[in-house]
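Student: Could we go through this structure together? I would like to begin with how one says that a residue is covered.
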Amino acid sequence: MKPLALWTVLSICMHGTVRTCSVKKLGSNTSRFANATLVRLSEFLSAGYKKGVRPVKDWRNSTMVAIDLMVYSILNVDEKNQVLTTYVWYRQQWTDEFLVWNPEDFDDVKQISMPIANVWIPDIVINEFVDVGKSPDIPYVYVSNDGLVQNYKPIQVVTACSLNIYNFPFDVQKCSLTFQSWLHTINDINISLMRRPEDVMVDKSIFMNQGEWELLHVLSKYKSFSVDNVSYYAEMKFHVVIRRRPLFYTVNLLLPSIFLMVMDIVGFYLPPDSGERVSFKITLLLGYSVFLIIVSDTLPATAIGTPLIGVYFVVCMALLVISLTETVLIVRLVHKQDLQPHVPQWVKHLVLEKATVLLCIKNKKLCSLLTVDSDTPRYKENNMNTVRCNHHCESSRDMERGLSVGLSVRDSTPPVMDNILHEVSSIRQYLEKREASREIAKEWLQVGYVLDVLLFRVYLLAMLAYSITLGTLWSVWQYS
């Protein structure tokens, strides 16, 4: 049927006039859209429309553009480059006085979608834009019969934001999205809010709330400004307030550091005159250094500031170094030295008298503890020498008794006896010197124990004060 109809039309065109043929062709083309109301309406709206001209009949009237913003997701927060990447649903609407029709003339059609390329669009941009995001292209807008144009689209916004990371990981960030017409003044394009500011602030209906960041609220503020005090521009600023969820960083950063510091405190209960305490402290210091190397990539880095948790790690490292230094000094103090001098009287007065009262250390308990610690483990390696010295001591006592008897007849004794008496007196001097060295070592050991308790309590108070201060600050930041 179709080839036959086409041949008939061609025959008519060949035998008829040109005008008759054009009428036939027009009728065949428009017959497809004879009942298409939307096509007729689109042709009606497009006839003579100038999309490059602001759609007002009176040029003195400004075009009011109502905008709205809903945050869908926080994609990325780049602390180093101070960039925030968000995904928002942006809505704007305005009245186009040239896109008006009577619905009764078009089968009660009150709304139609039109290509965005064929409609005038306000030049509203975001001032904080630093990069073009991967936003989907929405090619249509909705037009109502009263001229209301609705332009709704999702936007991936990559904006500059002044990020304050001092409170990391309990930080709250406030970033601004400023919408304004780049060229038109407030006399041509004005901006208003589509909803009430209270509704915009608490709206979290579409926010993806499963990521690292939590949306607290969105504040909106309208302002008009002028650059040269002649032309004024309208802007609508949205403040997006977000808060970081700190659970991940608390488990992976704070808890390991706290455990290592607790182990450092426990290490003070090892005897100060044992080498194991120094080895234990050095192992903790090396472990904390490895821990800092691992977590260095997790901490945010900026060129203008350091987060408080970074200062916390540095202070913890410094406390470990101080603890190791204190242990080395105490071990050096209590270590036995043959040529060690007596404890000065002012040290005895300050440490063994004043400090023991201040620290509530009982002298009897201290002396009994020091007797056990100083007599058995410290000189265990000299047991054989002690036995020998005891044997010589008994011999020297016998010889001294003999010496007291034979002093009157010294001239009649042979030279061998003089050598024996000289050796016995040398052994006696050695034993007396050794006993004095033990007494000196015991005194220094007492001083070392008291100083160890004193420095441990000072160290513990400093760590508690530091921990309470940081915990209070982080709690205030978290729940404020």
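Tutor: A residue is called buried when its relative accessible area is under 20% and exposed when that area is over 50%, with partly exposed in between. Please note that this is a predicted model.

Student: How many residues of strand β2 are buried?
Tutor: Ten of the 13 residues in β2, which spans residues 83-95, are buried, and the strand is mostly covered.

Student: Which way do β1 and β2 run, and how many bridges join them?
Tutor: They run antiparallel, and eleven bridges join β2 to β1, residues 63-78. One example is S73, whose bridge partner in β2 is Y87.

Student: What lies between β1 and β2?
Tutor: Four residues separate the two strands of this hairpin, and Q82 in the turn has a positive phi of about 55°.

Student: How many bridges pair β2 with β7?
Tutor: There are 13, again in the antiparallel sense, with β7 covering residues 148-160. Across this pairing, V88 stands opposite I155.

Student: Changing topic, how many salt bridges are there?
Tutor: The count comes to 13. In one of them, R54 meets D188, with the closest N and O atoms 3.6 Å apart. That pair links distant parts of the chain, 134 residues apart.

Student: Is R54 buried or exposed?
Tutor: R54 is buried because its relative accessible area is 13%, under the 20% limit. D188, at 27%, is partly exposed.

Student: Which residues form a network of salt bridges?
Tutor: D68, R91, R195 and D203 are linked in that way.

Technical notes
Residues numbered from 1 in each chain as written. Predicted model: local features only at pLDDT ≥ 70, side-chain atom pairs only at ≥ 80, totals over all residues. Heavy atoms only, no water. Buried < 20%, exposed > 50% of the residue type's maximum accessible area, 1.4 Å probe, protein only. Pairing = 2+ DSSP bridges. Salt bridge = Lys/Arg side-chain N within 4 Å of Asp/Glu carboxyl O.
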